Every structure is written in structure tokens, then in C-alpha cells.
Amino acid sequence: MFDLANFAINNTISNDTNVCHISLIEKGFKSQYGVCDDYVSAKVVSGIFLVFHFSLVVVSLSGLLYQYFKIYKANKLKEINHLTARGLSLLILPAVWGLIFSFIVLMRIMINRKVFPCFIFMLTYFNAVPIMGLPIILRTIRLITLMKINEWKVVIANGHKKIITDGTQKIEMTESNVQDVNKTNNQSMNQDIAVDNSLIILTENEVKALGNSNIKNEIIQKYSRYIKVLTLFTNNNFALITFFAVISVHSFLFFICGLINDLTTSSNFVVGSKIYTFSNGCGLGTNSQIYFGTAIAFYLIITFFTVAVTFFIKRDTLFVKFEIIPLVINWLVIGALYLIPPFFSVISKLTDYYFPWVVIILIAIVIDTIISCTIPVFIYYPLSQRRRLISDSTNAINGLPETSQPKEENKMEKLLKDPSINKMLVEFATRSYCPEDILCWNSIQLFKKANKKKRAAILTHIYNDYLRLGATMEINVNRAAANNFQEIRDWINNYKSNKDSSTFPEDNLVENLEFFVLHNMLDIFDRFTKAHGSKF
């Protein structure tokens with residue numbers, strides 16, 4: 001049905017100046033299936049570029065998988081660093097899909113545009129825009145969601161502290177709290193405990209219900225559920241599912257347009273052929289170019305919206321937000337350059353057959369891979385690990401916790417007990433997507449300074465929020481080394497079973513936990529002190 005063997009018009013070799021530039025025809029070039037012959041220079045450029053692109057992706061992904069293997073062996077997959085913050089799927093997928101796109105469009109030139117199957121080329125063409133535009137959209141969504149999740153973690157942790165320290169007193173709320181979760185409130189801060197008493201973000205109706213501590217807990221749990229929903233958007237599976245779903249939608253559109261083109265005579269998606277054929281190539285028709293332009297406009301609108309939102313979130317310390325700007329500039333500048341040919345026919349009829357114009361957009365794909373994958377793998381992450389090794393060595397000399405439990409207060413603890421510095425460190429850790437450890441440490445200090453009657457409630461809060469598997473703010477520790485915090489869990493279970501109000505947890509219950517969170521904070525503390533120069 002779709003065999004072009006007997007499609008006489010399409011098989012005609014001609015000197016069509018609408019396809020081939022007159023200078024090419026004078027050199028003996030012929031047009032067929034809506035395309036012209038490529039000059040040898042176009043094949044050479046395509047081959048060199050494909051080898052370079054393939055080498056870049058192989059080296060980048062090999063380095064990435066090696067680094068992830070080391071992270072896995074060290075049992076640190078939950079630890080936030082320059083790689084995990086970006087998401088494994090968003091490091092691999094754009095690079096792989098970009099290479100597949102590059103391979104298909106360049107092989108079309110190297111083999112021969114007249115021979116390369118029209119079906120494969122057009123399927124790739126219909127998916128070109130999401131392959132190029134979707135990664136930056138997913139990266140911005142991940143960036144926004146990560147920052148929001150960690151801001152909410154701080155708010156929820158401080159909400160629990162307000163419940164414990166304020167008892168049944170009503171928490172005053174204002175609309176400004178909804179706009180900025182990190183603004184310092186005008187209420188007095190407990191000077192004995194180095195914590196940031198930011199207010200819980202609540203609706204007006206919820207504020208009225210705050211007279212009851214049980215209702216306060218219900219409200220906090222509701223926001224914990226919100227965090228769990230947002231966490232879905234940072235999951236590697238979300239990027240995978242979204243990517244393949246979008247590709248499936250565009251492929252479906254391709255199949256529909258292909259049927260319309262091949263079953264009717266009025267459609268113009270390709271030139272000189274039919275879409276459903278593997279026996280020959282084809283040129284792009286007007287309708288395909290309209291589709292391409294519409295898809296670009298659609299993804300540009302979404303990109304501008306998501307990128308605009310990132311300007312209203314805080315700059316993270318792992319350069320995820322920082323790299324969004326060069327990525328956007330890259331696609332805007334090179335994308336605009338790629339769209340020049342429709343305005344100058346000499347490029348599509350002449351230049352493209354000497355220097356394949358598609359290489360322009362492939363340059364943008366290569367730059368995207370370098371910025372979003374190669375640099376984090378070979379520069380950001382290795383440098384951070386070297387600094388961490390140096391920091392661990394220095395900390396061992398200075399008496400900071402490295403491999404054994406500290407016996408006396410060290411520099412980090414002294415600074416953490418300064419309320420203003422503690423607040424700054426919480427904010428820095430939030431921008432590093434890892435506030436859990438310092439929030440847990442603050443809760444431990446709250447536990448130590450609390451009267452005995454409140455200790456059971458605080459210990460339960462610590463276990464539920466930071467130690468329980470799947471907790472909203474679960475800390476990243478080696479559970480085997482920590483004996484899964486069995487001692488704390490056993491004490492809570494015994495307390496609930498016996499309901500003995502005369503039994504109170506002692507400081508030694510949390511000493512081991514305090515050591516683990518202090519050790520976890522070494523890297524963030526080191527980066528924090530370096531970021532503030534000689535101030536500390």
C-alpha cells in the first residue's frame with residue numbers, strides 16, 4: 001500500500017531548482033525524493049561530529065556510572081551531592097537521547113538522504129523538539145521541587161519545636177508567613193536552644209484550630225503528606241516516565257500525520273515521497289515545518305514559565321540553579337541560529353549540502369551534555385570529594401568527629417550553639433538540600449535542655465521525624481553501625497506500653513545519634529565556613 005516502487009513521480013531524478021541550488025545542478029547534482037545530493041564535505045563534517053559526540057557521551061556516562069558505583073559501595077545513595085542532586089535519570093536520559101538523535105540525522109547525511117528511510121527520519125523529526133526541550137523543563141521542575149521540599153522540612157521541624165516548647169499556647173500567624181517560609185519572626189527566640197523558631201505556614205481556618213496540640217500535629221502531618229507528594233517529582237522514575245510518555249505522545253502524532261499524508265493527496269508533510277516507506281528518503285514538507293514550529297512554541301512557553309519560577313527560589317549551593325542560565329542561553333542562541341534557513345533559501349538549497357545545517361542544533365545538544373553531565377561528573381563532584389578528604393583530615397587533627405565519638409566539645413558544636421550561626425547554617429543546609437542533620441541536632445539539644453516531663457515527647461518526635469524508615473526528614477546513616485537506633489525505639493515502646501510518668505529518658509540515649517548527625521554535617525559545615533571566609 002505504501003510501496004513507492006511504482007510511484008513514478010517520486011522516483012524521477014530531475015534538476016529541480018526548488019530542491020537543488022542552481023550551482024549544485026551545474027556540478028551534476030540531481031534532486032530526487034525532495035532532496036539533493038550531499039557534497040563530500042557534508043559527509044566528512046557529519047562523520048567527525050558523530051565520532052566526537054559519541055566519545056563525549058561514552059566518556060561522560062562512564063565517569064557518571066563509576067562515580068555512582070562508588071557512591072553505592074559507600075552506601076551514600078541518599079546523600080545529597082553534585083550528582084544525586086541532579087538526578088541519575090536527568091544525567092543519563094538527555095545525553096543518551098541526544099546521541100540517538102545525532103546518530104540518526106547524521107547517518108542520514110553520511111549514507112545518502114535519498115536512500116535513508118523516510119519513516120525513520122520523520123519519526124526522529126517529530127520527536128526532535130521534546131528530545132531537546134524536555135530535559136531543561138524537567139531540570140527546573142526538579143530544582144523548584146527540591147528547594148520547596150527542604151524549606152518545608154525546616155518549617156515542619158520548627159513547628160514541632162513550637163508545639164513542644166509552647167505547650168498549648170496559640171501560635172500567631174500572618175499572611176507574610178505564606179510568602180516566605182524563612183523570614184525571621186518578631187517573637188522572641190529561646191536563647192538557650194539554638195533553633196530557628198520560624199512559624200508554621202497555615203491557612204486562616206487552620207490558625208483558629210491551633211488551641212489544641214493534637215490538631216497542630218494533624219496540620220503538621222498534612223504538610224508532611226504534601227512533602228511526600230512533592231517528593232514524587234524528584235524521583236528518578238518521574239523523569240523516566242515523563243520522558244517516555246512525552247515521546248510516546250509525539251510518536252502517536254507522527255503515526256497519525258503519516259496516515260493522513262499517505263492516504264490523502266492534499267497533505268504536505270513530506271516532499272517527493274510518502275512517510276510510511278523504508279525504501280527511500282524524503283524532504284520536509286510545509287506541514288511538517290508548521291508542526292515543528294508549533295512544537296517549539298509550546299515547549300518555549302513551558303520552559304519560560306518554569307525558568308521564571310526558578311528566579312523566585314533561592315540559589316542552591318550545588319550549582320543546579322546556576323547551570324540553568326547557561327543552558328537556557330545555549331538553546332535560545334543556537335536554536336535561533338538553527339531557525340534561519342526558512343528565511344534564506346540559499347541555506348536550505350546550497351549551504352546545507354556542503355555543511356549540514358542540522359549540526360548547528362547538535363552543537364546545542366553537545367553543549368547541554370557538557371554543562372549538565374560532563375562538568376558535574378568530572379569537575380564539581382571530584383572537587384567536592386577532594387575537599388571532603390582534606391576536611392576529614394583537618395577535622396581529625398582539630399578533634400572534630402571523624403571515625404570515633406568526640407569526647408569534648410569541638411569548634412563545630414560551639415558554632416552550632418550560637419543561635420545566629422545556627423540559623424545561618426540551617427539556611428545554608430536547606431540550599432544544599434540536606435537540612436535534616438542540623439534539624440535533628442537541634443532537636444537533640446532541645447531534648448537535653450528540656451525538663452524531664454517533656455523528654456518523652458521530644459524523643460518520640462526525634463524518632464518519628466528523623467529515625468523511622470521512610471520518615472519525612474529521615475537522616476542518612478549506616479543503620480547497621482547505629483544498630484538501627486534500637487535503644488531509642490525500645491525505650492519509646494516501653495514507655496508507651498507501661499505509661500510510667502516517673503520514667504524519663506536520659507542524655508545517653510541520644511549520644512550515639514548526636515555523633516552520627518555531627519559526622520554527617522562535616523561536609524556541609526566545611527562548605528559553610530569556606531563560603532563565609534574568615535568570619536568563623
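1. Helices (H or I, at least four residues) and strands (E, at least two) are DSSP runs, numbered from the N terminus. The expected span of a helix is 1.5 Å times one less than its number of residues. The model is predicted: local features need pLDDT of at least 70, side-chain atom pairs count only at pLDDT 80 or more, and totals for chains, interfaces and linings use all residues. Numbering runs from 1 along each chain as its sequence is written, and side-chain values use heavy atoms, with hydrogens and water left out.

2. Start with helix α4. It covers residues 88-111, 24 residues in total. From first C-alpha to last it reaches 34 Å, close to the 34 Å expected at 1.5 Å a residue. Just after α4 comes Asn112, with a positive phi of about 150°.

3. Ser89 sits in α4. Its relative accessibility is 7%, so Ser89 counts as buried (under 20% relative accessible area; exposed is over 50%, partly exposed in between; 1.4 Å probe, protein chains only). Leaving aside residues up to four places away in sequence, Ser89 touches Pro94, Asn236, Ala239 and Leu240 (contact means heavy atoms within 4.5 Å).

4. Leu240 belongs to helix α10, residues 236-263. Is Leu240 buried, exposed or partly exposed? Leu240 has 30% relative accessibility and therefore counts as partly exposed. With residues up to four places away in sequence again not counted, Leu240 touches Ser89 and Leu93. Leu240 and Leu93 are 147 residues apart in sequence, yet 7.8 Å apart in space, C-alpha to C-alpha.

5. On the cysteines: the structure holds 2 disulfides (a pair of cysteine sulfur atoms within 2.5 Å). With the bonded cysteines of the chain numbered in sequence order, the pairing reads 1-2, 3-4. Cys257 is a separate entry: its relative accessibility is 13%, so Cys257 counts as buried.

6. Cys20 and Cys36 form a disulfide, with sulfur atoms 2.0 Å apart. The pair links distant parts of the chain, 16 residues apart. Cys20 is in the loop between α1 (8-11) and α2 (22-26), and Cys36 is in strand β2 (residues 35-36). The link is right-handed, with 120° about the S-S bond. Both Cys20 and Cys36 are buried.

7. What joins Cys118 to Cys282? A disulfide does, S to S 2.1 Å. Cys118 lies in helix α5 (residues 118-126) and Cys282 in the loop between β3 (270-271) and β4 (283-284), so the pair ties together parts that are 164 residues apart in sequence. The torsion about the S-S bond of Cys118 and Cys282 is about 85°, so this disulfide is right-handed. Cys118 is buried, as is Cys282.

8. Last, a helix pair. The axes of α11 (residues 286-310) and α12 (residues 320-338) come within 12 Å and cross at roughly 155°. Axes are lines fitted to C-alpha atoms, for helices over the stretch in contact, and angles run from 0 to 180 degrees between N-to-C directions. The crossing angle therefore makes α11 roughly antiparallel to α12 (over 145 degrees; under 35 is roughly parallel, 65 to 115 roughly perpendicular, the rest oblique). On the α11 side, the contact is made by Phe292, Leu300, Phe304, Val307 and Thr310. On the α12 side, it is made by Lys321, Ile324, Val328, Leu332 and Tyr338.
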